[in-house]
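Please look over the sequence and the model shown here.

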Amino acid sequence: MRLTVIGTGYLGATHAACMAELGHEVLGVDVDPDKVAALQAGRVPFHEPVLPELLAKHTASGRLRFTTSYEEAAAFGQVHFVCVGTPQRKDSEGADLRYVDSAFASMARHAGEGALLVGKSTVPVGTAQRLADTHAAVEIAWNPEFLREGFAVEDTLRPDRLVLGIGSQRAETLLREVYAPVIGAGTPVVTADFPTAELVKTAANAFLATKISFINAMAEVCEATGGDVSVLAEAIGHDDRIGKKFLRAGVGFGGGCLPKDIRAFAHRADELGVSLAFLREVDAINMRRRDRVVELARELCGGTVLGARVAVLGAAFKPDSDDIRDSPALNVAARLRLDGADVTVYDPEAMDNARKAFPLLGYALSAEEALRGADLVLHLTEWPQFRELAPERARALVSRPRIVDGRGVLDGAKWAAAGWEFRALGRPAPG
Ligand code: NAD
């Protein structure tokens, strides 16, 4: 089939390359000419494992191309996936829908009768129907996306499920044709009306955020009582009804999705007269974990970080990504810098993005360089290489051996045995 993918960021570039991998002819459309030029040259402008190989393969074969022209896109194919951003609005918790509205309007203007515009962006419930009412000449479907950055290709080619929000049999038939190889491999398909399809995505994110904040709230209780949240999480995780995943206490979630999606969901619920007030508490617990790391940093530095050299390990909001949107690591780093600390950040992939967004922080070329002469080390993104740091070797680099494990993955006893003052969230100090 001939498909277009409108908006070629983290989601769209992955979707475009994966659709080419499934055998389709794909045209990616973006308003950012630099992004289009990079992708057309076979270069992924962000870090995502496997995607560079896929992009290179299909741009070389000509099965995947990129353009800034909606006119060209409308003429190219009949099925158009809309993958543009839906960030938080500056003036409220709600989602900023201007990019979605503009992408649908541009495509509807150029597309002929029978074109199917498929929204993949995460939107407040009610958006698909509003767009369908506004652009009656084209057909609209909603196919929310669940991919995780760092596993984006795998998640697109082998998703847990496909959700097809459809208004007609024809839309379902076309989407089933697009995804035929994925469906053929046994992927469950859930068909739904527009509001349900939109809600599946926001409900899934709300559930995951709630699970993370739940264990982080338990970490707060452990901190108040001397309990150990890692033991608690292991013990409750043995219960199949609870499960072990997403139960590691730490500095909390960030990124371009969970924080803005739960805020947008609570905001939309208010508009609908339904209370999702608990999501505001989920958000507040999450933000309090960042405060707690700042507080621990002060405590370990004798009451103030003024003049202290702080090494921050991690800048991306999670490992295997260079995405720094709403990154807990950089949020903590910036706050310590404001408090007068001399902060040096290292991240294996996110340095360029971090430097652009936080030019006043210091940056090192390696974890070792960041650690050299540090009065305090903060482990805030769980890259595997940070987990593998040898406490003895690290001890020889720093000025004062003090570390906060903001991700709950380092072996506290081992670090303490090597002479480190070790603190983790929700756990008593070892020894
Ligand atoms: P992004 O900011 O990386 O990409 C958005 C892209 O859209 C940019 O390249 C931008 O230039 C382009 N764009 C904006 N307006 C446009 C227009 N009118 N026409 C064409 N292109 C336009 O965002 P993202 O992370 O890819 O997220 C996109 C959507 O997917 C959001 O709704 C997000 O919530 C959702 N989502 C993201 C992920 C993820 O892991 N990143 C996962 C699932 C769902």
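## Sites, shell and domains

Lysine 260 touches Pro87 and Gln88, leaving out residues up to four places away in sequence. Contact here is a matter of C-beta atoms, placed from the backbone, lying within 7 Å of each other. Lysine 260 sits in helix H12 (residues 258–272). Helices (H or I, at least four residues) and strands (E, at least two) are DSSP runs, numbered from the N terminus.

This is a predicted model, in which local features need pLDDT of at least 70, side-chain atom pairs count only at pLDDT 80 or more, and totals for chains, interfaces and linings use all residues. Residues are numbered from 1 along each chain as its sequence is written. The pLDDT is the predictor's confidence in each residue, from 0 to 100. The protein chain averages a pLDDT of 97, and 100% of the residues score at least 70. The model scores are ipTM 0.99 and pTM 0.96.

**Annotated positions.** Which residues does the UniProt annotation "binding site" cover? The unreviewed entry lists Asp30, Lys35, Thr86, Thr122, Glu149, Lys260 and Arg325. They span 296 residues in sequence, and the farthest two C-alpha atoms are 23.7 Å apart, so they do not all gather at one spot. UniProt positions follow the numbering used here, feature names are shortened, and annotations may be inferred rather than shown by experiment.

Threonine 86 lies in the loop between strand S4 (79–82) and H5. Setting aside neighbours within four places in sequence, threonine 86 contacts Ala95, Asp96, Leu97, Tyr99, Val100, Ser121, Thr122 and Val123.

**The ligand shell.** There are 26 residues around the ligand, and Gly7, Gly9, Leu11, Ser121 and Thr122 come nearest. Helix H1 (10–21) and helix H5 (98–110) are the elements that give two or more residues to this shell. By class, the shell has eleven nonpolar, ten polar and five charged residues. Nonpolar means Ala, Val, Leu, Ile, Met, Phe, Trp, Tyr, Cys and Pro; charged means Asp, Glu, Lys and Arg; the others, Gly among them, are polar.

**Domains.** The protein chain divides into domain 1 (2–191), domain 2 (202–282) and domain 3 (287–424). These bounds come from an automatic or database domain assignment. The centres of domain 1 and domain 2, taken over C-alpha atoms, are 29 Å apart. Ten residues from domain 1 and ten residues from domain 2 make the contact. On the domain 1 side, five are nonpolar, four polar and one charged.

UniProt also lists residues 311–412 as "domain: UDP-glucose/GDP-mannose dehydrogenase C-terminal" (unreviewed entry). Over that stretch the chain is 34% helix and 18% strand, with end C-alpha atoms 18 Å apart.

Phenylalanine 246 has a phi near 60°, a positive value in a residue other than glycine. Phenylalanine 246 is in the loop between helix H11 (229–237) and H12. Aspartate 320 is not a glycine either, yet its phi is positive at about 65°. Aspartate 320 lies in the loop between strand S9 (309–313) and helix H14 (328–338).

| Residue | C-beta neighbours within 10 Å | Class |
|---|---|---|
| Threonine 86 | 24 C-beta neighbours | buried |
| Lysine 260 | 23 C-beta neighbours | buried |
| Phenylalanine 246 | 16 C-beta neighbours | partly exposed |

How values were computed. A residue is near a molecule or strand if its C-beta atom, placed from the backbone, lies within 6 Å of it. Two residues are in contact if their C-beta atoms, placed from the backbone, lie within 7 Å. A residue is buried if 20 or more other C-beta atoms lie within 10 Å of its own, exposed if 12 or fewer, and partly exposed in between; C-beta atoms are placed from the backbone.
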